[in-house]
Amino acid sequence: MAVVVKDLVKIYTLGSVEVQALRGLNMTVEKGEMVSLIGPSGSGKTTLLNIIGGLDRASAGYVKVFETEVTKLSPAELVEFRRTTVGHVFQTMNLIPTLTAAENVELPMVALGVPKAERRKRIEELIDVVGLRDRMGHKPGELSGGEQQRVALAAALTNDPPLILADEPTGELDTVNARIVVDYLSKVNRELGKTIIMVTHDPAVARAADRILRIQDGVIKTDVAPVGAEVAGPAVYAEMLKGRIAEIDAQLAKLDEDFRGGRMTGDEYVERQTRLKQTRSVLQEELHRLGVVH
Ligand SMILES: Nc1ncnc2c1ncn2[C@@H]1O[C@H](COP(=O)(O)OP(=O)(O)OP(=O)(O)O)[C@@H](O)[C@H]1O
Ligand SMILES: [Mg+2]
């Protein structure tokens, strides 16, 4: 197993308020697997990813990543774990705007004291992996959003970590660029054998994985293979989509209620309603694609 999570609990305390973000979550990911993590906003996806990646600490429970029991590590050991075992890709590209694509990929290696000649060689390899050889000298502002995320992926791979954690890596991209970035993540999974856990709101993106885990209220609610991967897949997947649509309908109703009750501004109402409706139509489209009329 690449990742084993048992009875994971995370409680955030803000003054006198306690938020239980994870409520006894269990999951496993096999070596070389690519898994999508989906679920409503606030369900605990980022919290889970941050604990697996050693960026945050669990309140209770057990997390093992390859041979390391992450939940037992001291702060110093966590730093080492993050450096050697995990590559992170975030929603907003964390590239340095004044550095070129090649320099952004080089940076983590400079920090680790990798010799110059070796750095050069590694940059070339990684820039090739993400198909950006002719963009090496471009700064982030001179690259498309999708290209920037591919540079971020290359930078996450510099230390050759066996596990890649991606938190909505396509969140700010249009459909076409999202597709391209996901194709590169799949390629890194298949060709470099990296284990990947990817959080996404987009069902089309989620389907690129071997398995889709749906998290709700801090626990895993469903675990399905995407369409085509298995005979039972489509029906379960359609059920999951229907469940998500029902959830959005409930959120829309609640939104109407809140607006009528004067609990939000008109702008806020329109913005949130538009977002929910967009997500709903993507899910609906996906259902139609499966031949399910809802
Ligand atoms: N640093 C924090 N302090 C207090 N509460 C937090 C903190 N981070 C997250 N939370 C709370 O924990 C819960 C889970 O948050 P999390 O960020 O994991 O959700 P998410 O599934 O990633 O949501 P989204 O899809 O919006 O990114 C939420 O209720 C959130 O408000
Ligand atoms: Mg999140």
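Mentor: Start with domains: their bounds come from an automatic or database domain assignment. Here the protein chain splits into domain 1 (3-224) and domain 2 (234-289). This is a predicted model, where local features need pLDDT of at least 70, side-chain atom pairs count only at pLDDT 80 or more, and totals for chains, interfaces and linings use all residues. Residues are numbered from 1 along each chain as its sequence is written, while chains are lettered from A and ligands numbered from 1 in the order in which they are written.

Trainee: What separates the centres of domain 1 and domain 2?
Mentor: Taken over C-alpha atoms, that's 27 Å. Residues are in contact if their C-beta atoms, placed from the backbone, lie within 7 Å. Domain 1 puts eight residues into the contact and domain 2 puts in nine.

Trainee: How do α5 and α6 pack?
Mentor: Helices are DSSP runs (H or I, at least four residues), numbered from the N terminus. Axes are lines fitted to C-alpha atoms over the stretch in contact, and angles run from 0 to 180 degrees between N-to-C directions. Helix α5 (residues 145-156) meets helix α6 (residues 175-192) at about 20°, their axes 8 Å apart. So α5 is roughly parallel to α6, a label for angles under 35 degrees. Among the contacting residues are Q149 and L153 in α5 and Y184 in α6.

Trainee: Which element gives the most to the shell around ligand 1?
Mentor: A residue is near a molecule if its C-beta atom, placed from the backbone, lies within 6 Å of it. α1 gives the most, with three residues. The residues around ligand 1 include G44, K45 and T46.

Conventions:
Helices (H or I, at least four residues) and strands (E, at least two) are DSSP runs, numbered from the N terminus. Angles under 35 degrees count as roughly parallel, over 145 as roughly antiparallel, 65 to 115 as roughly perpendicular and the rest as oblique. Two residues are in contact if their C-beta atoms, placed from the backbone, lie within 7 Å.
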